[in-house]
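Here's a quick briefing on how the strands in this protein model line up. Take a look at the model first, then read on.

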Amino acid sequence: MPPVNNTISFNSNGGYLNSGGGIKITNCEDFFIENNNINNNSADIGGGIFIDNSSGNIDYTKISYNTAIDGGGLYIVESAVNIQKNIIHNNTAADEGGGVYIYSDYINLINNTIAYNVVMCNGCSNGGGIFISNSRPNN
């Protein structure tokens, strides 16, 4: 059963290089996350959501107040994901991608609000809103 119409809050995946404080998706085809509130979660990578080697959709979801070293709100690696009509705000990363960290091909960012996200390291300019590396975003 996919996560639809849920609040996923105040979860932590602690320890070294742990991922997906709120939701962790690995090796999945055609997943969807729709109309959820994902907030106040933490992990080393992907404080709100971590996606690896998967394909699917994130729609109409609010991702906020999550924290991580990389990808405070959302961390995507080696995946094909459509990210549409979401609000991604007030997430924090220590290093890269305050709101969203993307290291993947075939990412579609369509009609999202990405605002008030922060990267905390001194002297960094590593994507407060979105950090993209080795990717080919379509939009």
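Before we start pairing things up: two strands pair if DSSP finds at least two bridges between them. Strands themselves are DSSP runs of E with at least two residues, numbered from the N terminus. What you're looking at is a predicted model, where local features need pLDDT of at least 70, side-chain atom pairs count only at pLDDT 80 or more, and totals for chains, interfaces and linings use all residues. Residues are numbered from 1 along each chain as its sequence is written, and side-chain values use heavy atoms, with hydrogens and water left out.

- Five strands make up an open sheet with parallel pairing, and their order is 3-7-11-15-19.
- At the edges sit strand 3 (23–26) and strand 19 (130–132), each of which pairs on one side only.
- On average, neighbouring strands in this sheet are turned by 5° against each other, direction ignored; axes here are lines fitted to C-alpha atoms, and angles run from 0 to 180 degrees between N-to-C directions.
- Strand 3 pairs with strand 7 (residues 49–52) in the parallel sense, using four bridges.
- Thr26 has Asp52, in strand 7, as its bridge partner.

- Strand 4 (residues 31–34) runs parallel to strand 8, and four bridges join the two.
- Glu34 has Asp59 of strand 8 as its bridge partner.
- Strand 8 (residues 55–59) is also joined to strand 12, again in parallel, by five bridges.
- Asp59 turns up here too, standing opposite Gln84 in strand 12.
- Strand 12 pairs in the parallel sense with strand 16 (residues 107–110) over four bridges.
- Ile83 has Leu109 in strand 16 as its bridge partner.

**Two faces**

- In a regular strand, the side chains alternate between the two faces of the sheet.
- In strand 4, Phe31 and Ile33 are on the covered face, while Phe32 and Glu34 are on the uncovered one.
- Strand 12 (residues 80–84) has Val81 and Ile83 on its covered face, with Ala80, Asn82 and Gln84 on the uncovered one.

**A closer look at His89**

- You'll find His89 in strand 13 (residues 87–89).
- His89 counts as buried because its relative accessibility is 14%, and buried means under 20% relative accessible area (exposed is over 50%, partly exposed in between, with a 1.4 Å probe and protein chains only).
- Leaving aside neighbours within four places in sequence, His89 is in contact (heavy atoms within 4.5 Å) with Lys62, Ile63, Ser64, Tyr65, Ala115 and Asn117.
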